[in-house]
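Subject: A structure for you to look at

Hello,

Here is the structure I promised to pass on. Please open it beside this email, and then read on for what turned up in it.

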Amino acid sequence: MSIHISAAKGDIADKILLPGDPLRAKFIAENFLEDAVCFNEVRNMFGYTGTYKGQRVSVMGTGMGMPSISIYARELIVDYGVKKLIRVGTAGSIDPNVHVRELVLAQAAATNSNIIRNDFPEYDFPQIANFQLLDKAYHIAKDLGLTTHVGNVLSSDVFYSNMPERNMKLGELGVKAIEMEAAALYYLGAQHGVDTLAIMTISDSLVNPDEDTTAEERQNTFTDMMKVGLETLISD
Ligand code: HPA
């Protein structure tokens, strides 16, 4: 039905959770949704629709990086009418007070990508989260007892940066973590008038490289994040 998603119109809910990893989409569908049906297998970018606490919700992988999430999120919005999109992913901390396993809600996303600059070369157009989603997610995470930071993140085109000191400089300006998708998702939200939010679990720290997580700890914190994402999607 769209170039990269094989679903029929109506197969996808108007609220969607977007992990980067398509196998995590499968995990969410199997562990959190009832009556989940797979709507996409093109490129193994699995997507499912089911119900969460009685409300129709979808979940789909986006792949890594802004070009990939831009393709899927745009088709979800334009071709399938999705109105609320929440990314659930990982990020690397660049703030000494933001530790592994903690949550970061991206209030805004700085970026080194050309994705916005191509359209507005002479402007610095800030990419911001939808405030209602941000506010709900913050209170839901707090009520679950999760350590939750709210602030700026850097959406980078580069995972293996040759200029890490530049990223660290952004940390000194209050940017909390680096990830690779939020700015593009927020830009699509602005372009199409839909609600977007990115929630990240800190998987590694660039300022405290000794901080580490076990596979079990990672699984538990990811599970907490998915709960925050799903509860935020269904709360009106
Ligand atoms: N950089 C970019 N993206 C990431 C990182 C990182 O250090 N960790 C998890 N996602």
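Let's start with Arg-43, which sits in the loop that joins β2 (34-40) to β3 (47-52). Helices (H or I, at least four residues) and strands (E, at least two) are DSSP runs, numbered from the N terminus. Arg-43 is partly exposed because it has 14 C-beta neighbours inside 10 Å. On that scale, a residue is buried with 20 or more other C-beta atoms within 10 Å of its own, exposed with 12 or fewer, and partly exposed in between, with C-beta atoms placed from the backbone.

Two notes before going further. Residues are numbered from 1 along each chain as its sequence is written. The model is predicted, so local features need pLDDT of at least 70 and side-chain atom pairs count only at pLDDT 80 or more, while totals for chains, interfaces and linings use all residues.

UniProt, in an unreviewed entry, places the feature "binding site" at several positions, including Arg-43 and Gly-89. Its positions are given in the numbering used here, feature names are shortened, and annotations may be inferred rather than shown by experiment. Gly-89 belongs to strand β5 and is buried, because it has 24 C-beta neighbours inside 10 Å. Setting aside residues up to four places away in sequence, Gly-89 touches Pro-19, Gly-20, Glu-179, Glu-181, Ala-198 and Met-200; a contact here means C-beta atoms, placed from the backbone, within 7 Å.

Now to the ligand. Its surroundings include Thr-90, Ala-91, Gly-92 and Asp-204, where a residue counts as near if its C-beta atom, placed from the backbone, lies within 6 Å. Strand β5 gives the most to this shell, with three residues.

Asp-204 deserves a look too: the unreviewed UniProt entry places the feature "active site" there. Asp-204 is in strand β10, and it is partly exposed because 16 other C-beta atoms lie within 10 Å. Leaving out neighbours within four places in sequence, Asp-204 is in contact with Gly-92 and Val-100.

Finally, which residues touch the most other members of the largest nonpolar core? They are Ile-16, Leu-17, Val-104, Val-153 and Ile-199, in a core of 71 residues. Helix α5 (residues 182-192) gives the most to this core, with seven residues. A nonpolar core is a set of buried Ala, Val, Leu, Ile, Met, Phe, Trp, Tyr and Cys residues joined through C-beta atoms within 7 Å.

Enjoy exploring!

Best wishes

Note on methods:
Two residues are in contact if their C-beta atoms, placed from the backbone, lie within 7 Å.
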